[in-house]
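Hi,

Here's the structure I promised to pass on to you.

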Amino acid sequence: MPCSVVVGGGAVGTAIAQSLQVAGFTVSLVDPCDPQKPASWGNAGHIAIEQIAPLASLATLKGVPRRLLSAHGGLSMPVWALPHWLPFSLRFLAAARPQRQAAGKSALRDLLALAMPAWERYAAVLKQPGLLRADGHFIVWSDPAAAARGRRNWLEADCGTAYFREATSEEYSQLRSLTVKPLAGAIRCVGSGQIADMDLFASAARAGFVAAGGVTIRARAVRLARAAGRVRVELASGRHLDADQVIVAAGVASRPLLESLGHRVPMIAERGYHVQFGAEHWPRALPPVVFEEDATIVTRFQDVVRASSYLEFNTPWAPADPRKWDIIEGVTREWGLPVAPRLSTWMGSRPTLPDYLPAIGKSRMADNLYYAFGHQHLGLTLAPITGELMTDLIRGRAGQMSSQSFDLERFA
Ligand SMILES: Cc1cc2nc3c(=O)[nH]c(=O)nc-3n(C[C@H](O)[C@H](O)[C@H](O)COP(=O)(O)OP(=O)(O)OC[C@H]3O[C@@H](n4cnc5c(N)ncnc54)[C@H](O)[C@@H]3O)c2cc1C
């Protein structure tokens, strides 16, 4: 029976491990299980299949000055982190050129079209049919000019297999009853979804892996050692792991592991923040609500309401900036949202490559080395389909997708 080692037990690594198990592989999952949750479990829980346009675009670029200057722009590029974000930004500019953006959009559209069916299959593997709620999400505005602009953008946008419609009068009144600010507009996405509870997802994913015979090795991979065209995983304890396949799926930590072998991985930590509140007064069945002017998404899970925001280009190891939690809470207060009290705060890193496409493929540096990381804002959405594509790749099967757009060699 082929034996695989997956490095990184976030949503992407765990989904790969479980997809390989379903295909009959014996799998070990290496993860230090740090007490600080990785992005996989701290994110907004949105299955964002509508986001087919990579953020490396001229439209994003145009919005940068306004977002940097506005208190609620949700964008932060700290001066002390300039050595990290400047090289990333230069590559971003190249990737934002219309021709490259169009090619990226086409690849991401194809991938996102497969994401929701893959999530349905994954929820079945986890024996959690209620985990995925394909109820869409709302976008709302308080300023009439912003609402007119936002409506036009989203209603006319190509959103792949999802689309937007105006909120019905019933939906509008429900949203209206949640805010003290007047609502200038509300639209609903049809086709997107959410994870009903992120803690349930994390525990079901871990338990499902172990129940299917998987071994979790609580350790940090420090190096991939190459010999005779193959790699083995070296752990911080000094132990080595040999495997038929080594799959690196360690989010932002994938970069040093692969660069030590000669890969070029221009990935940055695009850090995001969330604040969690008590959920007693937030409607249980309400899908996520995006407050677009404030770059904030609010999601109801089982027992908490989570407000998430921020794109902070930084190193993964810099301490969190507590002002950002205050700003996020300030947004919920300004809108008068029925959330109280503040229960917890969190910061985590999106693994982001300059063209805002993931890296999924087989390494040219060693015969048994594969990688899957760089899922930027879409790692939760894309985890199950990444697992399936990786399994196809390892088995040498003509998979669901043949795009070369996710090959890491694009940065060589
Ligand atoms: C505020 C915020 C909101 C978001 N909202 C959404 C959303 O609504 N929908 C969506 O689709 N995406 C969202 N994302 C993005 C999504 O969370 C990420 O794309 C996703 O978590 C990436 O998953 P991953 O498994 O690749 O990486 P991670 O979640 O970073 O997991 C990496 C894993 O690797 C392990 N690891 C690290 N170093 C090592 C090592 N040396 N050896 C072994 N293991 C190691 C870590 O412990 C961790 O478990 C959001 C992100 C943020 C920050």
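Let's begin with a helix pair: A115, A118, W119, R121 and Y122 in α6 meet T381, L382, P384, I385 and E388 in α12. "Meet" here is about contact, where the C-beta atoms of two residues, placed from the backbone, lie within 7 Å. Before going on, two bits of housekeeping. This is a predicted model, in which local features need pLDDT of at least 70 and side-chain atom pairs count only at pLDDT 80 or more, while totals for chains, interfaces and linings use all residues. Residue numbers start from 1 along each chain, following the sequence as written.

Back to the helices. Helices (H or I, at least four residues) and strands (E, at least two) are DSSP runs, numbered from the N terminus. Helix α6 (residues 115-125) packs against α12 at an angle of about 80°, and their axes are 8 Å apart. That makes α6 roughly perpendicular to α12, a label used for 65 to 115 degrees (under 35 is roughly parallel, over 145 roughly antiparallel, and the rest oblique). The axes are lines fitted to C-alpha atoms, for helices over the stretch in contact, and angles run from 0 to 180 degrees between N-to-C directions. By class, this contact has seven nonpolar, one polar and two charged residues. Nonpolar means Ala, Val, Leu, Ile, Met, Phe, Trp, Tyr, Cys and Pro; charged means Asp, Glu, Lys and Arg; the others, Gly among them, are polar.

**The sheets**

Two strands pair if DSSP finds at least two bridges between them.

Strand β12 (residues 230-235) pairs with β13 over two bridges, and E234 has H240 in β13 as its bridge partner.

**Domains and ligand**

How is the protein divided? Into domain 1 (3-41 + 200-266 + 356-411) and domain 2 (50-96 + 130-194 + 267-349), with bounds from an automatic or database domain assignment. Their C-alpha centres lie 28 Å apart. The contact takes 17 residues from domain 1 and 16 residues from domain 2. On the domain 1 side, helix α9 (residues 198-211) gives the largest share, three residues, and that side divides into 11 nonpolar, four polar and two charged residues.

Around the ligand there are 39 residues, of which G10, G251, A253, G272 and G379 come nearest (a residue is near if its C-beta atom, placed from the backbone, lies within 6 Å). By class, the shell has 17 nonpolar, 18 polar and four charged residues. Elements that each give at least two residues include α1 (11-22), β2 (26-31) and α12 (379-395).

Most residues other than glycine have a negative phi, and most peptide bonds are trans. C33, not a glycine, has a positive phi of about 50°; look for C33 in the loop between β2 and α2. The A340 to P341 peptide bond is cis, with omega near -20°, and P341 is in the loop between α11 (322-334) and β19.

Cheers
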